Number of protein chains: 2
Amino acid sequence: MSKQRYFEAFLVYAGLNMVLAAAAGALCAYIAPAAAGSGIPEVKAYLNGIDAHSILAPTTLFVKIVGSILGVSAGLVVGKEGPMVHTGACIASILGQGGSRKYGLTSSWLRYFKNDRDRRDMITCGAAAGVAAAFRSPVGGILFALEEAASWWRSALLWRTFFTTAVVAIVLKAGIQFCSTGKCGLFGEGGLILYDVSSAQVTYSGGDIVAVIVLGTVAGILGSIYNCLVDKVVRTYSIINEKGPAFKIYLVVAISLLTSCCYYFLPWIANCIPCPTDPTVTCPSVDESGEYKIFQCPPGYYNDLASLFLNTNDDAIRNLFSPKINKEFHISSLFIFFAAVYFLGIITYGIAVPSGLFIPVILAGAAYGRVLGRLFEPITKLDRGLFSLLGAASFLGGTMRMTVSLCVILLELTNDLLLLPLVMLVLLISKSVADCFNKGVYDQILKIKGLPYLEAYAEPYMRNIATRDVVSGPLMTFSGIEKVGNILHVLNTTRHNGFPVIDEPPFSETPELCGLVLRSYLLVLLKAKNFTRERTFANPSILEKVSSLDFGKAGSGKGVKLEDLDIQDEDLDMYVDLHPIANTSPHTVVETMSLAKAAIIFRQHGLRHMCVVPKSQGRPPIVGILTRHDFMPEHVLGLYPDIKHHKWH
Amino acid sequence: MSKQRYFEAFLVYAGLNMVLAAAAGALCAYIAPAAAGSGIPEVKAYLNGIDAHSILAPTTLFVKIVGSILGVSAGLVVGKEGPMVHTGACIASILGQGGSRKYGLTSSWLRYFKNDRDRRDMITCGAAAGVAAAFRSPVGGILFALEEAASWWRSALLWRTFFTTAVVAIVLKAGIQFCSTGKCGLFGEGGLILYDVSSAQVTYSGGDIVAVIVLGTVAGILGSIYNCLVDKVVRTYSIINEKGPAFKIYLVVAISLLTSCCYYFLPWIANCIPCPTDPTVTCPSVDESGEYKIFQCPPGYYNDLASLFLNTNDDAIRNLFSPKINKEFHISSLFIFFAAVYFLGIITYGIAVPSGLFIPVILAGAAYGRVLGRLFEPITKLDRGLFSLLGAASFLGGTMRMTVSLCVILLELTNDLLLLPLVMLVLLISKSVADCFNKGVYDQILKIKGLPYLEAYAEPYMRNIATRDVVSGPLMTFSGIEKVGNILHVLNTTRHNGFPVIDEPPFSETPELCGLVLRSYLLVLLKAKNFTRERTFANPSILEKVSSLDFGKAGSGKGVKLEDLDIQDEDLDMYVDLHPIANTSPHTVVETMSLAKAAIIFRQHGLRHMCVVPKSQGRPPIVGILTRHDFMPEHVLGLYPDIKHHKWH
C-alpha cells in the first residue's frame, strides 16, 4: 500500500482472506456441517427438547472454535458471539455427558448429569457463559439464556446460571488483569467495558424524543426486512449447499471475494480528511489495529471509510460509538458503510462458516444510528455516538426481538446506566414494529432447518381439536411380562421411542395401563438377558445384574444399539418382566382434552411422550401416544387441511 | 438543640416520632391490617395462586401509601421499598379487576383482565414497577419480579414487565428532569443513580479476594441469624397483635420510643471530629438533610454517629458508601450504628406499620461492610466505600437470598459496572452460606402467616405417596343435568369451589367424567334461573340470558353470593343443565401417580383443582379432587405422621 502498488495489495488482501475463508468452509463442509451458522438456533432447539445428533458433538466444538477464528480473520462480515454461545453449550454438553469416552476424557462425578433435565441445565449455563464471555456481560448472559435460549426455566436455573457467569466474570477479570500489559494481543484491551460511551447530556428535549422514536420505528422496519432477506438467502443457499461439500466451499470463496472487493474498493470513494490536532492520538495509522487508517491518503490525512472497513470489528464499533468531538465521518461514508454491511451481513449468513449475527447487526445499526443522528441534528442535541448506540440497540431489537437481555448486554458493553431509559424506549419501539411483520431471525432459521420446535403457545385452531384426533400410526403396546421375540420384532419394525405397557388378566382384574417403557431401557434390559421361561414377575435378585447407571442417558450417538444385542433363537420364546423399567407415572391426558391444553402440558414439562387415555370405560386402556411431532402445525394441518392456518401471534 | 436544651429537644423529637408512628399504627390496626409489614410476601403469595381477600384491596392500598409515609417519617427503621412493591401490585390489581365499582372507577376495556392469568400478569408488572420506582432500577425491577415475586413465568411476561418498567424509567426520568431545580423536595436529588460509588481501583490482589470472601461468609451467617430472629420476633408479636387493635398501637408506640432513644442517646457516645478542610462541603449542617451533623459538638466539628442516625436513610447510606477521602467515621461509631440498626430492624418488623426490609438490611450491611473494611486495612487496598457496598450486597444476599435481581439493583443504584465481579462473588458466598441454615426472610414470613404457598419442588417423601392417598373429604359430584335443590344443598353444606360433573346413562353409555364446574359459575347460572322442568339439555337460546362477561373473575370479595340468590320452592325440583358451564378439559391425573409429580403439574399450570381418576375400570369415573391444601406438607404429614419430615433443600 505504502508503495502505491494498490492492485498487488488487493491481490494479497483478497487472496489471504480467501484462503482463510476457504479453510473455514472446508472444515465446516467436511468435518462438522453442524458448526456452520450462528449456533444459537441449534442451542435453542436442543434446549427445547430436540435431541438432534451432532449439534453438540466434540467435532462440532472443534470446528466451531477453529472455523470461527478463521472466519473472523478472513474479514467476513460475521461475528464471534453466536459461535461462542454454541461453544459454551458444546463444552457444557461434553461435561454433561460425563466427558467423552471416545477421547478418553471422563470423570466419575460427571455421571450425575446423565439425565435430560440436568444436561439441559448444564447447556443453558454453557450458553449463558458464552454470552458472558463474548460481551464481557455476566448479567446479560443470564438474561440471554433466560429470554432467548431456554424453553423451560426454573428458579434453580437462575441461581446456576448466576454462578456460572459469576465464575466467567471473575476469570475474565483475572485474565484482563493478567493481560493488562498488552502481552495477549487484543484481549486485554478495553477491560470489562468494551466500548465506553458516556452521555454528557442527561436531560432530553421533546425533539430528542421524536428523533429517538423515528430511529426506533425505522430500525424496526429495517430489521424485519433484514430477517426477511436472511430467510430468502438461507433458503437459496441451502439448495446450493445440498449439492455437496465442494459447492459449499465455492460459495464461501465467492462471498469472501465479494467482501474483499467491497472492503477494498469502497474506501476509494471517500475523501481524505485532515487528522485531528489532538496530540494524544496517532493519526494516521498504517499497520496498528486502531483508528484513523491512512489508506490512499497523504500523510496527515485519513480515510474515514477505510477506518471503518479495514479495522477489526471491535474498533469499527468503537469508532462509530465515539462522541462527536473525537472523530468525524462523512455522512456519505457512513451511509456506504451501512449499506455495505447490511447487505454483506445478509448474504454472508448461511454459508458454511461459523457466523454470528450480533456483530454484523451491531455494525449496521451503529452506522445507521450515526447517519440518523446527522440527519436529526437540526432538532436534537443528543450526541452522535449516543445515536450510534441507540441505532445498534434498535437494530438488534428489530432483528433478534430480545428486550431485557439486549438492554443489559448493551449497558454492560457501554457502562452508562443513564442511557437506560432511551435504550429501553428504542428497544420497545423497534421490537414492536418489527413484530408486526415477521418473527425473530433465530426463529426463522429454526423453521428453515425444519427442527420441530415447540412454541410456548399452542396455535389457536388447536383449541378445537381433541387429542384423540391427532394420535397417529398403529399403537404398539407390550404386556407387563412380554415375550422377548415380540419385543425384538417391535423394536426392529418401528422407530418409536416409547411403548405403553399394559397389565392384563391374570395380572390385573381388567386391562390397565401400567406405564411407559423407553426403547433405550428395553435395549439395556435385553442386553442384560434377564429372561424367564415362565410368564412370571422377575426375581428381584436377577435385576442386580443391571446397574441403575446403565439406564442413565448416554451421550449423543452412544448407548446400546439394536445390533449390539446378542439374542439367541432359544431366547425368543422366553419372557421378560417390564415392570421394573416402566415409568408407572407417565403423563396422561384424556382423549377429549383439547390439543392446545395438551400442547401446553407437553411443553411445560419437557415431555417426550404423552399417553392418551380413553374417556369412557370398556375400551382398551390407552388410545395412543402423543410425541413432539404430533403437535407440529404441519402435522395437524396435514390431517385437517381445511383448518385455516392462523398467523402466529 | 442549638440552645443546649437537650432534654426538651429529645421530648419533641420522640414525641413527634411517636405521634407519627401511632398514626401509622392506627391506620393499619383499624382500617387495613393487611397493609402492615413489607407486603412482598403477600404479593408473592397472591402470585402463587392464593386468592386471600384484602391483600390487594383499595383500602390496603390507601393505608399502605399513607402508613408508609408516616412510618418512614417517624424515624422507624423501616424501608419504603417493600411497601412500594405492594403499592404497585395493589394498583395493578385494581386496574386488573376493571377498576373499583365501589368507588366508581371503572372502565370497559379493563374487563379483558377478568381472568386469573391476566390479572396475575398485571400484578407481576405492578410489583416490577414498584421496585423500578423504589430503587430507580428498571432492569432490577424486571428481575425482582422474575426471581422473587412470580411463581409462574412465561416469555410474554418478560416483555410485559419490560414495557412496564420502561414506562417507569421514562416517567422517572421526566420527573427528575422536571424536579432538577429542587422544587420537589428530595425527589430530584441524585438523579437516576441514587448512590454514586466509583471504584478507583480496577485490579485486585489476593488479599482483596480473601477479605471479600470473609466478608461474604460472615454476612451469610449474620443474615441467617437475622432471619431466625425476625422469625421469633414476628411470632411473638403476632400473639400480642391478636389481642386487639389497641395492643397493636401500644406495640408501635413502644418500638417508636425505643428507636427514638437509640437514635438520640447513642450519638452522645461518639466523639466530635473536626470538619474536613474541603471548602465545597457545608460542615457541620444543622437542619439541612445532608451530611456532617453537628449535634452536641462545637462549631467546626461534627458528630459522626449523629451523621448516620439523625439523617434520612438515603443520606445515611450515601455517607456509608462514600469513599475514604471524603468522610470518616470512627470504627466504634460504625459498630454501634451497625448493632443498633441490626437489632432495631429485627424488632421493628412485625409491628402494625407498613415496613420494608430492604433499607434496614442495606443500612446494617453497609455499616458492617465499612467496619470490616477498616479491620481488613492491613491486607487490602480496596476502598472503604466499596467495602460498604459489598457489605450491603452480602447482607441482602444473606437475608433475602436473591441473586441476579439484587446484583442488578445494586448496579443500577451505584452505576459502576466494574464492581460486578466482586458483587457477584459476595452474593454467591453469602447466599450459599445462609442457605445452609434457613430459608429466605420472605419465605419465613409466608410460613408464619400460614399462607398455603406451593413450593416449586415437591418434598422428597411425596414421591412415595400416590395421589389417591391424600384426597380427602366426601366427594361431591353433580350429574350433567342436575336438580336445582341438590345444587343449592351442596353449595350450602360444603365450602368446595369446584365440583366434578358426571354424565350418567341415559346421557352416556357408562358413567363418565364430563368436566368440572366452579362454585362461582354455578352461582351465576342459578341467578339467571335457566331451569327446565324435564331432565333435558338446555335450549341454547335460554343461555343467551347470561352474558359470558358475568363469568369473568370478579374483584376480591365481589361476585354473586349464595345469599343473593332468589330461588323459590317450586324451582327446587326443576333441573338445570351444567354442560354449558363445565370445563370439559380439566387437568386429570391417575390415582397411582406420585404426589410429587402431581404437585409439579399442579403448580406449573397454576391450577386450583385437579381431578384424580381411577386406574382400573368399572369404578366411578372420579376418585377425588386435589386442591392446593392437599399438597401442603402439613396436610400430608397429618395423614401420614410416621413419614419423617425431611428438611427443605
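## Helix 17 of chain B

Contact, as the word is used here, means that heavy atoms lie within 4.5 Å of each other. The structure described is a predicted model. In chain B, helix 17 spans residues 441-448 and is mostly covered, with six of its eight residues buried. These buried positions are Val441(B), Tyr442(B), Asp443(B), Gln444(B), Ile445(B) and Leu446(B).

The cover over these buried residues is drawn from several parts of chain B, including helix 2 (40-47), helix 6 (138-149) and helix 8 (206-241). Helix 13 (358-375) and helix 14 (384-400) of chain B are also among the covering elements. Just beyond helix 17 of chain B, Gly450(B) adopts a positive phi of about 70°.

## The interface between chains A and B

Between them, chain A and chain B bury about 6000 Å², and carbon and sulfur atoms account for 68% of this area. Of the area that chain A buries against chain B, 12% is supplied by Phe162(A), Leu417(A) and Gln617(A), more than by any other three residues. In terms of contacts, 67 residues of chain A meet 67 residues of chain B.

No salt bridges are counted between chain A and chain B. Seven residue pairs are found in polar contact across this interface, with both residues of each pair at pLDDT 80 or more.

## Composition of the chain A side

Several elements of chain A each supply at least two residues of the side that touches chain B. The helices concerned are helix 6 (138-149), helix 7 (155-179), helix 15 (404-414), helix 16 and helix 21 (595-604), and the strands are strand 6 (512-518) and strand 8 (588-590). Helix 7 of chain A provides the largest share, with 11 residues. Sorted by class, the side of chain A that touches chain B holds 37 nonpolar, 20 polar and 10 charged residues.

## Lys431(A) in helix 16

Helix 16 of chain A covers residues 420-435 and contains Lys431(A). Lys431(A) counts as buried because its relative accessibility is 10%, and the cut-off for burial is under 20%.

Apart from neighbours within four places in sequence, the contacts of Lys431(A) within chain A are Gly397(A), Arg401(A) and Thr403(A). Lys431(A) is also in contact with Trp159(B) of the partner chain.

## The annotated CBS span of chain A

An unreviewed UniProt entry lists residues 582-643 of chain A as "domain: CBS". In the model, this span is 27% helix and 16% strand, and its end C-alpha atoms lie 38 Å apart.

Definitions and conventions:
Residues are numbered from 1 along each chain as its sequence is written. Chains are lettered from A and ligands numbered from 1 in the order in which they are written. This is a predicted model: local features need pLDDT of at least 70, side-chain atom pairs count only at pLDDT 80 or more; totals for chains, interfaces and linings use all residues. Side-chain values use heavy atoms; hydrogens and water are left out. Helices (H or I, at least four residues) and strands (E, at least two) are DSSP runs, numbered from the N terminus. Buried means under 20% relative accessible area, exposed over 50%, partly exposed in between (1.4 Å probe, protein chains only). Buried area is the accessible area (1.4 Å probe) that two parts lose on being put together, summed over both. A salt bridge is a side-chain nitrogen of Lys or Arg within 4 Å of a carboxyl oxygen of Asp or Glu. A polar contact is a pair of N or O atoms within 3.5 Å; within protein, one must be able to donate a hydrogen and the other to accept it, and residues adjacent in sequence count only if both atoms are side-chain atoms. Ala, Val, Leu, Ile, Met, Phe, Trp, Tyr, Cys and Pro count as nonpolar, Asp, Glu, Lys and Arg as charged, and the others, Gly among them, as polar. UniProt positions are given in the numbering used here, feature names are shortened, and annotations may be inferred rather than shown by experiment.
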